[in-house]
Amino acid sequence: MLDTLINSQGMMAYLLVFALLLASAFGFPVPEDISLITGGILIHLQNANLWIMALVCYSGILIGDLIIYRIGWVTGPRLFRRKGFRRLVTSSRLKAIRLNIERRTFLTILIARHLFYLRTVTFLVCGAVRVSPPRFVVADAVAALVTTPLMLGLGYLFAEHYEVLLMYLKQVKTLLVIVGGCVLVYFALRYFRAKHAR
């Protein structure tokens with residue numbers, strides 16, 4: 001699939017990268033970073049224009065994120081009202097989650113964007129707990145401004161060694177998932193200890 005994408009040119013290249021970015025937002029097993037790096041490779045091979053590809057990648061990221069956020073906004077409250085969730089997420093707990101995400105919207109989105117398996121869930125929760133749309137859009141747009149040029153640049157610079165680049169990127173992602181998992185376990189333990197002490 002990656003070879004097909006790298007060999008594409010012009011309008012087909014833009015459409016394929018855009019489609020992959022939208023698909024990855026819904027959990028399709030092609031991380032966003034790989035699509036962006038491939039965009040950089042296409043620029044290096046002169047199969048795509050720098051500015052058009054940058055615009056395609058940036059808009060693909062934002063549109064995918066906004067669709068997920070909107071789905072969370074529409075379906076989230078109903079999900080939280082189910083019996084199983086009502087026991088786990090009380091109205092006060094839901095309010096606390098919302099305040100926490102509101103205070104750290106940019107950091108949450110920036111971290112989630114680089115953790116492939118958490119991005120969709122995080123943006124669904126942002127919609128479900130009613131993070132204000134302007135706050136979400138601004139945070140997501142700024143985070144995408146960091147991600148897009150960085151990954152396109154890596155793809156452009158290491159186009160001739162992209163397989164090695166993807167291997168290193170996979171190792172970094174694995175490390176980030178492990179670190180993120182450890183942080184989640186730490187906070188879960190703190191929460192249950194505090195609950196037990198009460």
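The model is predicted, so local features need pLDDT of at least 70 and side-chain atom pairs count only at pLDDT 80 or more, while totals for chains, interfaces and linings use all residues. Residues are numbered from 1 along each chain as its sequence is written, and side-chain values use heavy atoms, with hydrogens and water left out.

**The chain as a whole**

- The protein chain has 10 helices and zero strands; both are DSSP runs numbered from the N terminus, with helices (H or I) of at least four residues and strands (E) of at least two.
- Reading along the sequence gives the pattern α-α-α-α-α-α-α-α-α-α.
- The chain has 198 residues, and 37% of them count as buried. Buried means under 20% relative accessible area, exposed means over 50%, and partly exposed is in between (1.4 Å probe, protein chains only).
- Among contacts in the protein chain with a separation of 6 or more, 81% join residues 24 or more positions apart; a contact means heavy atoms within 4.5 Å.

**Helices H3 and H9**

- Two packed helices are described by the angle between their axes and the distance between the axes.
- For H3 (residues 32-44) and H9 (residues 133-157), the axes come within 6 Å and cross at roughly 55°. Axes here are lines fitted to C-alpha atoms, for helices over the stretch in contact, and angles run from 0 to 180 degrees between N-to-C directions.
- H3 and H9 are therefore oblique to each other. Angles under 35 degrees count as roughly parallel, over 145 as roughly antiparallel, 65 to 115 as roughly perpendicular, and the rest as oblique.
- On the H3 side, the residues that meet H9 include Leu36, Ile37 and Ile41; their partners in H9 include Met151, Leu152 and Tyr156.
- Sorted by class, the H3 contact with H9 has seven nonpolar, six polar and two charged residues. Ala, Val, Leu, Ile, Met, Phe, Trp, Tyr, Cys and Pro count as nonpolar, Asp, Glu, Lys and Arg as charged, and the others, Gly among them, as polar.

**Aromatic rings**

- Rings of Phe, Tyr and Trp (its six-membered ring) pair if their centres lie within 6.5 Å; planes under 30 degrees apart count as stacked, over 60 as edge-to-face and the rest as tilted. By this rule, the count comes to three aromatic pairs.
- Tyr69 and Trp73 make a tilted pair, 5.9 Å centre to centre with 50° between the planes. These two residues are four residues apart in helix H4 (residues 50-80), so about one helical turn separates them.
- At 6% relative accessibility, Tyr69 counts as buried, whereas Trp73, at 23%, counts as partly exposed.
- Tyr69 also forms a stacked pair with Phe136, 4.3 Å centre to centre and 10° between the planes. Tyr69 lies in H4 and Phe136 in H9, so this pair ties together parts that are 67 residues apart in sequence.
- Tyr69, Trp73, Phe123 and Phe136 form one aromatic cluster.

**Two residues to look up**

- Glu32 lies in helix H3 and counts as buried at 3% relative accessibility. Leaving aside residues up to four places away in sequence, Glu32 touches Leu21, Ser24, Ile61, Arg113, Arg119 and Thr147.
- Gln46 sits in the loop between H3 and H4, and counts as exposed at 72% relative accessibility. Gln46 has a positive phi of about 65° although it is not a glycine.
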